[in-house]
Amino acid sequence: MRLVVLGSAGSFPAPDSAASSYLVQAEDADGRTWSVVLDLGNGALGPLQRYGDPTALDAVALSHLHADHVADMAVLGVLRRYHPAGALPPLRVLGPEGTVERLAQLAGKDPATHTAEQFAVEAWAPGRPVTVGPLTLEPVPVVHPIPAFGMRVTGPSEDDPARTVTLAYSGDTDACPGLDALATDADVLLAEAAYVEGRDDHLRGVHLTGRRAGEAAARGGARRLVLTHIPAWNDPHVPLAEASAAYAGPVTLAQPGLTIPL
């Protein structure tokens, strides 16, 4: 299993990064490559095309329905509907309750994503894992102003397919029991760090700081922490320093194109 960062900007695209989007791939026992995208924020469809045919995805998993995590679902629908190859089977989409209505809202009067022709939507059920080829996705409710989920993704190790590894993705959240559950024994914790200690202390229940992400990684025994969803107006070295002060393991900043074998 491997993680490829497509976009890591928080809340809106940055000059050099799309908004949140992450490609997870793994090979099954027959050598087939399975591809799942975690979120598809503004601008993410562009870099996705560097890593293969976006019409060949096996699933898209949406953490929540804010635009910086789902906006490019609208143009993915356009690409799928008008692709010269002709009609495509509906793409499996996993997301919170209300995903169908949100995709229709994004499409507006364009019919490309308004119907089940393009997307077969399934609602997350907490505690109910979903299997996509060799990957298992487990949704975990987290704290955000709208219904939101983090995801634990388990699959075969890149180096030893007989060994199972875990990627934990926070989605958007503040510190909460769900974040701790995600981080527990994760090989990689991909955690947002949109807020800054001292500046944003009055804003709770929305986002993590680097310190809070680091504390969750430390409590859960995660083996690596990757910080993402950092807005363009923040200096990314600030959350990096905050997280490193709270967590003794390796800390990395997510950047477009970063590839992490698990």
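## Strands 8 and 9

In this predicted model, strand 8 (residues 130-132) and strand 9 (residues 135-142) run antiparallel and are joined by three bridges. Within this pairing, Val 130 has Leu 137 of strand 9 opposite.

The two strands form a hairpin with two residues between them. In that hairpin, Gly 133 adopts a positive phi near 60°.

## Strands 9 and 10

Strand 9 also pairs with strand 10 (residues 148-156), again in the antiparallel sense, over seven bridges. Five residues lie between strand 9 and strand 10, and the two strands form a hairpin.

## Aromatic pairs

Three aromatic pairs are found when the whole structure is searched. One of them consists of Trp 124 and Phe 149, with 6.5 Å from centre to centre and 45° between the planes, a tilted arrangement. The pair connects distant parts of the chain, as its members are 25 residues apart. Trp 124 belongs to the loop between strand 7 (119-123) and strand 8, while Phe 149 belongs to strand 10.

Both members of this pair, Trp 124 and Phe 149, are buried.

## Charge over a ring

A contact of another kind involves Arg 32 and Trp 34. Arg 32 lies over the face of Trp 34, at 3.6 Å from the ring centre.

Key. Residues numbered from 1 in each chain as written. Predicted model: local features only at pLDDT ≥ 70, side-chain atom pairs only at ≥ 80, totals over all residues. Heavy atoms only, no water. Pairing = 2+ DSSP bridges. Helix = DSSP H or I, 4+ residues; strand = E, 2+ residues; numbered from the N terminus. Phe/Tyr/Trp six-rings, centres within 6.5 Å; stacked < 30°, edge-to-face > 60°. Buried < 20%, exposed > 50% of the residue type's maximum accessible area, 1.4 Å probe, protein only. Lys NZ or Arg CZ within 6 Å of the ring centre and 35° of its normal.
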